[in-house]
Amino acid sequence: MAIYIAREATKLWRKVGAETTVELQLLFENWRLLLAGLVFQYVHGLAARGVHYLHRPGPILQDLGFMALPELGKDKSYLSETVFTSIFLTFVLWSFHPFIYHSKRFYTVLLWRRVLAFLVASQFLRIITFYSTQLPGPNYHCREGSKLATLPPPNNVLEVLLINFPRGILFGCGDLIFSSHMIFTLVFVRTYHKYGSKRLIKLLAWLMAIIQSLLIIASRKHYSVDVVVAWYTVNLVVFFIDKNLPEMPDRTSGSSLLPVSAKDKDDRSKEELHKPEKDNKLKEELHKLLNGNTVDSTDRRQRGQMNGKHGEDMNHALGDATPNGT
């Protein structure tokens, strides 16, 4: 048993090492885009913190979702966060499974470059939207009478830049249209729907997205319009960006289809350019072979002269070997 575990651990370590080498090469080529996507996550949080200074509490707006779904209350508001956390962590773990599992369909670095592109585009539209009109927040800490509903003017720039993490994120107000939780949820679900392999998990993921939407409304963390707008905006953003981005290489065949360096790309481009010439030469050789013209006239003439010379040498040799008097 110990020998088996040691052998399997060695195989796993080799697999992780080989995958890490490839992913580091991709990270070296794409680190600027990944860093920009991560920096924008901070920009998005900073924008949400800024709109909280503009928030003014007021009566909760009339909402069809509030009428249809019973209010969960403060003691059960954690349910939506629990579902969101499970979706988030599950997707992150799944995105790194190529480091361990033998069957793999994508490269982790390229997958996250795609995911961050979807998130940045959706969050950019969200910032424009919630700064355009500030609605009175329906969440408990954003209602009239709550000390957290409004923020006093900041004492310095550093107070704004630090965004009071994580409390400033969890108890924000004013950043309503459209739901940030639904941006992450829909981007993750759509990404798994395209690159995941388990049909049952895909169906479960969409079901979790629907449950997440209902729990957000029932927890009164967003108006129904915030969730509805997120559903069609994020799906359209992902559709158009995914359509214009270069498709990731498919790894299901087991062969490495990824040019890991610029030199490899140039070599492949040169091969593609010279491929028509090679094909033409092959066609010419095949045509000569079918017509019996495998050599040109110059080669045939040279071979004829060599054959004639060889015949004369053979005659002289035979004459010398013949006995005298016969």
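I take a disulfide to be a pair of cysteine sulfur atoms within 2.5 Å. The model I am reading is predicted: local features need pLDDT of at least 70, side-chain atom pairs count only at pLDDT 80 or more, and totals for chains, interfaces and linings use all residues. Residues are numbered from 1 along each chain as its sequence is written, and side-chain values use heavy atoms, with hydrogens and water left out.

**Entry: the disulfide**

How many disulfides does the rule give? I count one disulfide. Cys142 and Cys173 form it, with their sulfur atoms 2.0 Å apart. I looked up its handedness next. The torsion about the S-S bond of Cys142 and Cys173 is about -90 degrees, so this disulfide is left-handed. The pair links distant parts of the chain, 31 residues apart. Cys142 sits in the loop between helix H4 (108–132) and helix H5 (157–161). Cys173 sits in the loop between helix H6 (167–170) and helix H7 (180–195). Helices here are DSSP runs (H or I, at least four residues), numbered from the N terminus.

Are the two cysteines buried or exposed? Buried means under 20% relative accessible area, exposed over 50%, and partly exposed in between (1.4 Å probe, protein chains only). Cys142 is buried because its relative accessible area is 2%. Cys173 has 1% relative accessibility, so Cys173 is buried too.

**Entry: His52**

I found His52 in helix H1 (residues 2–52). His52 is buried, with a relative accessible area of 2%. What does His52 touch? I used contact as heavy atoms within 4.5 Å. Leaving out residues up to four places away in sequence, His52 touches Leu148, Ala149, Thr150, Leu151, Phe171, Gly172 and Cys173. Cys173 is also a partner in the disulfide.

I checked the backbone in the loops. A cis peptide bond joins Ile177 and Phe178, with omega about 0 degrees. Phe178 is in the loop between H6 and H7. Arg220 is not a glycine, yet it has a positive phi of about 60 degrees. I place Arg220 in the loop between helix H8 (199–218) and H9. Arg220 is buried, at a relative accessible area of 6%.

**Entry: H7 against H9**

Two packed helices are described by the angle between their axes and the distance between the axes. Axes are lines fitted to C-alpha atoms, for helices over the stretch in contact, and angles run from 0 to 180 degrees between N-to-C directions. H7 and helix H9 (residues 224–244) pack at about 45 degrees, with axes 9 Å apart. Under 35 degrees counts as roughly parallel, over 145 as roughly antiparallel, 65 to 115 as roughly perpendicular, and the rest as oblique. H7 and H9 are therefore oblique to each other. Residues in this contact include Leu186 and Arg190 of H7 and Trp231 and Asp242 of H9.

**Entry: H3 against H8**

How do H3 and H8 pack? Helix H3 (residues 78–95) and H8 meet at an angle of about 150 degrees, with their axes 9 Å apart. That makes H3 roughly antiparallel to H8. From H3, I list Leu79, Ser80, Val83, Phe84, Ser86 and Ile87. They meet Met208, Gln212, Leu215 and Ile216 in H8.

**Entry: Leu204**

I ended in helix H8, at Leu204. Leu204 is partly exposed, with 47% relative accessibility. The C-alpha atoms of Leu204 and Val189 are separated by 9.6 Å. The two residues are 15 residues apart along the chain.

Terms used. Helices (H or I, at least four residues) and strands (E, at least two) are DSSP runs, numbered from the N terminus.
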